[in-house]
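Here is a briefing for a first look at this structure. Start with the sequence and the model below, then work through the topics.

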Amino acid sequence: MESAGEYDYVIVAAGTAGCLLANRLTRRPATRILLIEAGGKDDCLWIRIPVGYLYCIDNPRTDWLFPTEREPRLGGRALLYARAKALGGSAAIDGMTDMRGLAARFSRIHGQRPQPAADLARPCAPQIAPNYLGTPEDRKVAAAAPALTRRIVAAPARAKYRSQAFKPGPHYRTEEQLAKAAGLIGTTIFHPVGTCRMGAAGDPLAVVDSRQRVKGVARLRVVDASAMPWITSGNTNAPTLRIAEKAAQLIHDTH
Ligand SMILES: Cc1cc2nc3c(=O)[nH]c(=O)nc-3n(C[C@H](O)[C@H](O)[C@H](O)COP(=O)(O)OP(=O)(O)OC[C@H]3O[C@@H](n4cnc5c(N)ncnc54)[C@H](O)[C@@H]3O)c2cc1C
């Protein structure tokens, strides 16, 4: 077998995090990095056009087209779970919303213990089973959203528009009914995190420590959105960039 050469670091996946990490680590002269990306070049026309992301989703050239398991609280539906298949990763096909989440939510991340998605309880399970609306809090929030929308729409200032509820219809009233309706309508907005979550030494669900090192495995780190222990309140690309930035600092400090 032909040798790939010798490298200081091997980065698997040239996504949001992998690209930034490779860039930062190569700022040190003579640092050699092998960056491995399973997707193709980012030369698809739709990647170049901002709203083109709608044509990158569900497109076998740019999307791995992962399906979820059938989700019980989404009426048994399986969702298409878009993930980029190209240099640049999901940032190449994302909606370009750059959002800084609420500070309080970040503080809540290292003190709170998340509810694991159904399959995280089974190590090495290949399925994507997000367990949507699986917790009472999820259902409460899902029910509150259409309730708030109705309040806004019913405001006197909007009376001239004569708006009518279409989905969920007005017969959905209680929190339980509204949560159920949300499950029948809802879909993903592409921000999965937490499958290799960061956590304290005694946390049985944590895969990486606070320096992003895989617990029990030397010289291996997980640096991407999967290390977030909890979803942020905003979109996830900016926090993922920050995770990679921090990892680059930690690696520089160590080596
Ligand atoms: C359709 C869509 C819209 C989005 N919209 C927004 C938005 O508007 N704003 C926002 O902030 N966030 C958005 N996001 C989320 C954001 O893009 C992601 O959170 C972020 O890109 C995650 O970065 P990552 O490095 O963890 O993974 P990714 O950037 O997804 O990188 C993973 C990389 O791994 C590669 N790969 C997979 N398997 C292998 C393998 N076996 N070997 C080597 N490489 C492999 C993939 O091809 C991919 O390049 C969106 C995501 C999607 C999918």
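**Briefing**

Pro-168 lies in the loop between helix H6 (136-153) and helix H7 (175-185). Helices (H or I, at least four residues) and strands (E, at least two) are DSSP runs, numbered from the N terminus. This is a predicted model: local features need pLDDT of at least 70, side-chain atom pairs count only at pLDDT 80 or more, and totals for chains, interfaces and linings use all residues. Residues are numbered from 1 along each chain as its sequence is written.

**Overall layout**

- The chain holds eight helices and four strands.
- Read from the N terminus, the elements run β-α-β-α-α-β-β-α-α-α-α-α.
- Along the principal axes, the C-alpha atoms fill a box of roughly 65 × 45 × 35 Å.
- Of the 255 residues, 24% count as buried. A residue is buried if 20 or more other C-beta atoms lie within 10 Å of its own, exposed if 12 or fewer, and partly exposed in between, with C-beta atoms placed from the backbone.
- Residues 24 or more positions apart account for 59% of the contacts with a separation of 6 or more. Two residues are in contact if their C-beta atoms, placed from the backbone, lie within 7 Å.

**Domains**

- The domain assignment gives domain 1 (9-132 + 186-254) and domain 2 (136-184). Such bounds come from an automatic or database domain assignment.
- The C-alpha centres of the two domains lie 32 Å apart.
- Five residues of domain 1 are in contact with four residues of domain 2.
- On the domain 1 side that touches domain 2, the residues divide into two nonpolar, two polar and one charged. Ala, Val, Leu, Ile, Met, Phe, Trp, Tyr, Cys and Pro count as nonpolar, Asp, Glu, Lys and Arg as charged, and the others, Gly among them, as polar.

**Cores**

- The largest nonpolar core has 20 residues, and Leu-21, Val-223 and Ala-244 are among those with the most contacts inside it. A nonpolar core is a set of buried Ala, Val, Leu, Ile, Met, Phe, Trp, Tyr and Cys residues joined through C-beta atoms within 7 Å.
- Helix H1 (16-25) and helix H8 (237-254) each supply at least two residues of this core. H1 gives the most, with five residues.
- Leaving aside neighbours within four places in sequence, Leu-21 is in contact with Ile-11, Val-223, Ala-244, Ala-247 and Ala-248.
- A second, separate core of nine residues includes Ala-142, Ala-143, Tyr-172 and Leu-178.

**Helix H8**

- The buried residues of H8 include Asn-237, Pro-239, Ile-243 and Ala-247.
- These buried residues of H8 pack against H1 and H4.

**Around the ligand**

- Of the 35 residues around the ligand, Gly-15, Gly-89, Gly-95, Asn-235 and Asn-237 come nearest. A residue is near a molecule or strand if its C-beta atom, placed from the backbone, lies within 6 Å of it.
- H1, helix H4 (90-93) and H8 each give two or more residues to this shell.
- The shell divides into 17 nonpolar, 13 polar and five charged residues.

**Backbone details**

- The peptide bond from Lys-167 to Pro-168 is cis, with omega near -10°.
- Met-96 is not a glycine, yet has a positive phi of about 65°. Met-96 sits in the loop between H4 and helix H5 (103-111). Met-96 counts as exposed because it has 11 C-beta neighbours inside 10 Å.
- Arg-219 also has a positive phi, of about 60°, although it is not a glycine. The loop between H7 and H8 holds Arg-219. With 8 other C-beta atoms within 10 Å, Arg-219 is exposed.
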